[in-house]
Amino acid sequence: MTASFPTTRLRRNRRHNWSRRLVRENTLTPDDLIWPLFVCAGRDLAEPVASMPGVERLSADRVARAAGEAKSLGIPAIALFPQTPPEKKDEDGTEATNPDNLVCRAIRAAKEAHPDIGVICDAALDPFTSHGHDGVIRDGYVANDESVEVLCRQSVVQAAAGCDVIAPSDMMDGRVGAIRAALDAEGFEQVRIMSYAAKYASGFYGPFRDAVGSSTALKGDKKTYQMDPANGDEALREVELDIAEGADMVMVKPGLPYLDIVRRVKDRFGVPTYAYQVSGEYSMLRGAVDRGWLDGDRVILEALTSFKRAGADGVLTYFALDAARRLGE
Ligand code: PBG
């Protein structure tokens, strides 16, 4: 209960920097950041991603170096996304289960150089399929159960390479439980699962698909497996199922346009909850900052803090390094 004006003047606490700090409800620290990195073939390479200014695809050796930078700034984990050479893609995404594929080589390079940084990898087939979908296609439909079998093998191969967290991003039904069982059966019971539990069929993934080279391949859209942006209650059902199947952490994606979902998930389940500030969100902010339309010193940390305010325990963000530097200043 608050006394009314003029007894109460909420501006009193806002008057000085020290009192603003004293009443601050949420704080962003480097501990809250996960840095997604794109991996390309080759050695000592860093190629710019055209639709994501400031973001580069890195060869595995450079990924190891980037992991070191992240670690030195206090960022707990990186997430790796491979740009599979087109000649290695096929209808069934078989390259996903090759223990020597690009992402596995990058995992090994990062973990050998920096064993104490967390490495997160997607379980999904889109970087590996010639059609750009997250699963295998049978009779014109992304086949759920058969895709899940491949995802299980992909997860085991990545865990064997040293991946700490498997992040199923495919939105197949039942994949979290199946992946948990497959990991356990191979002795990887310590490998965590961060599920992309509420992942929407969003237009904000456009630049990511350029970065991993799946946009030119993708035929159609992902609406038969990713969620309808109009739905909120359904997100809670997705999250509930994933928790029941053994997810250690859950994620909502995209981020800023779905903060209501982050809040509802955190309030309902109270589990470690993450938001993915996706490629399109990055490019919108970066583009406006680069043109001088927005002030980067303000909007980057402001947007990231909003995830904390909405209840997220952490954020996957392409601004991770930039944000960690700003936080350290
Ligand atoms: C793959 C995947 C996507 C993203 C993360 N994992 C794209 C998609 O589902 O089409 C998007 C990340 C981003 O836009 O930054 N399933």
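In this predicted model, the buried residues of helix 9 are covered by parts of the chain that include helix 6 (206-212), strand 11 (273-277), helix 10 (296-309) and helix 11 (320-328). Helix 9 itself spans residues 279-290. Of its 12 residues, 10 are buried, which leaves the helix mostly covered. The buried set consists of S279, G280, E281, Y282, S283, L285, R286, G287, A288 and V289. From its first C-alpha to its last, helix 9 reaches 16 Å, close to the 16 Å expected at 1.5 Å a residue. After the helix comes G292, with a positive phi near 80°.

The secondary structure comprises 11 helices and 12 strands. With a radius of gyration of 20 Å, close to the 20 Å that the globule rule gives for 329 residues, the protein chain is as compact as a globular protein of that length. Along the principal axes, the C-alpha atoms fill a box of roughly 70 × 45 × 40 Å. Buried residues account for 56% of the 329 in the chain. Among contacts between residues at least 6 apart in sequence, 75% join residues at least 24 apart.

One nonpolar surface patch, of about 370 Å², is formed by W18, L22 and V23. W18 belongs to helix 1 (residues 17-23). This tryptophan, W18, counts as exposed because its relative accessibility is 55%, above the 50% cut-off.

Key. Residues numbered from 1 in each chain as written. Predicted model: local features only at pLDDT ≥ 70, side-chain atom pairs only at ≥ 80, totals over all residues. Heavy atoms only, no water. Patch = residues over 30% accessible without salt bridge, like charges linked within 9 Å, V, L, I, M, F, W, Y side chains within 5 Å. Areas by Shrake-Rupley, 256 points an atom, 1.4 Å probe, with all protein chains shown as cover. Salt bridge = Lys/Arg side-chain N within 4 Å of Asp/Glu carboxyl O. Helix = DSSP H or I, 4+ residues; strand = E, 2+ residues; numbered from the N terminus. Buried < 20%, exposed > 50% of the residue type's maximum accessible area, 1.4 Å probe, protein only. Rg over C-alpha atoms; globule rule 2.2 N^0.38 Å. Contact = heavy atoms within 4.5 Å. Expected span 1.5 Å × (residues − 1).
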